[in-house]
Amino acid sequence: MRALLFSGLLALAALPLVALPLAAHANPKVGQIAPDARFETVTGQKFDLASLRGQVVIINFWATWCVPCRQELPLLDAYYRKQKDYGLVVLAATTEDSVPEYQLKKLFGIMAITPLRRLKGPYAPLEGVPTNYVIDRAGVVRYAEAGAFSLESLNDVLVPLLREAPSQTGTTTAALIPATIRPGAAFSR
């Protein structure tokens, strides 16, 4: 009887510990505040999603074996090079079934976007890769879909968000307003 009472109390005491992580890691939903996540880059830098508030963030999941990913990754990198001055951040997370990180060092060395070693949080591929999440300057999920971006879809999703004034300054000058990138222009350096 005493052992049964003790195990029952342990189970009750553990309930709040089990429930808290589930509530804290709600799945990202378009139109809602983005759940926080912790990132570690391949260079060892650690930061959380909340630290990127005021910028437009893409979290991209890709795999080395994925043909659409191999087409999308250079596009994302070139797009980032053109739009980073307007507050764009691109985080690229390879899936666990990709080649080992050491085999990707050369690729990571030429990319301008941020390759991730670890992502701790509720973000994961949706129905396959590539999967992209877009979070606006206010920290709201504005896009969450599986499938590769095209230049047109990047412009459609990102240009309006990049034109929104950063919440920290409250203003954007005309010189800082990003333009739609035209085909071919995204790949020049």
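Is Glu 40 buried or exposed, and at what relative accessibility? Glu 40 counts as buried, because its relative accessibility is 12%; buried means under 20% relative accessible area, exposed means over 50%, and partly exposed lies in between, using a 1.4 Å probe and protein chains only.

Before going further, a word on the model. This is a predicted model, in which local features need pLDDT of at least 70 and side-chain atom pairs count only at pLDDT 80 or more, while totals for chains, interfaces and linings use all residues. Residues are numbered from 1 along each chain as its sequence is written, and side-chain values use heavy atoms, with hydrogens and water left out.

## Salt bridges

Let us stay with Glu 40. Its side chain meets that of Arg 118 in a salt bridge, at 2.8 Å from N to O. The pair links distant parts of the chain, with Arg 118 in strand E5 and Glu 40 in strand E1 (residues 38–41), 78 residues apart. Helices (H or I, at least four residues) and strands (E, at least two) are DSSP runs, numbered from the N terminus. A salt bridge here is a side-chain nitrogen of Lys or Arg within 4 Å of a carboxyl oxygen of Asp or Glu, and by this rule the count comes to 6. Three of them are set out below.

| Salt bridge | Closest N and O atoms |
|---|---|
| Asp 77 and Arg 81 | 3.0 Å |
| Glu 101 and Arg 117 | 3.0 Å |

Next comes the bridge of Glu 101 with Arg 117. Glu 101 lies in the loop between strand E4 (88–94) and helix H3 (105–110), and Arg 117 lies in strand E5, so this pair ties together parts that are 16 residues apart in sequence. Glu 101 is partly exposed, with a relative accessible area of 27%, and Arg 117 is also partly exposed, at 34%. Salt bridges that share partners join Glu 40, Glu 101, Arg 117 and Arg 118 into one network.

The bridge between Asp 77 and Arg 81 sits within helix H2, where the two residues are 4 apart, about one turn of the helix. Helix H2 covers residues 67–83. Asp 77 is buried, with a relative accessible area of 6%, whereas Arg 81 counts as partly exposed at 28%. Asp 77 also touches Ile 110, Met 111, Ala 112 and Ile 113, not counting residues up to four places away in sequence; contact means heavy atoms within 4.5 Å.

Strand E6 (residues 131–135) is largely enclosed by the rest of the structure, because 5 of its 5 residues are buried. In a regular strand the side chains alternate between the two faces of the sheet. Both faces of E6 are covered: on one side Thr 131, Tyr 133 and Ile 135 are buried, and on the other Asn 132 and Val 134 are buried too.

E6 pairs in the antiparallel sense with strand E3 (residues 56–62) over 5 bridges, and with strand E7 (residues 141–146), again antiparallel, over 5 bridges. Two strands pair if DSSP finds at least two bridges between them. Val 134 is a handy residue to look for: it is the bridge partner of Ile 58, and it stands opposite Tyr 143 in E7. The hairpin of E6 and E7 has 5 residues between the strands, and in it Gly 139 takes a positive phi near 90°.

The loop between strand E5 (114–120) and E6 holds Pro 130, which is joined to Val 129 by a cis peptide bond with omega about 0°. Glu 127 lies in that loop as well. Phi of Glu 127 is near 55°, a positive value in a residue other than glycine, and Glu 127 is exposed, with a relative accessible area of 86%.

## Aromatic pairs

The structure holds 4 aromatic pairs. Rings of Phe, Tyr and Trp (its six-membered ring) pair if their centres lie within 6.5 Å; planes under 30 degrees apart count as stacked, over 60 as edge-to-face and the rest as tilted. The rings of Phe 39 and Phe 47 have centres 5.3 Å apart and planes at 40°, so this pair is tilted. Both Phe 39 and Phe 47 are buried.

The rings of Tyr 123 and Tyr 133 are edge-to-face, because their planes stand at 85°, with centres 5.1 Å apart. Tyr 123 and Tyr 133 are both buried, and together with Phe 61 they form one aromatic cluster.
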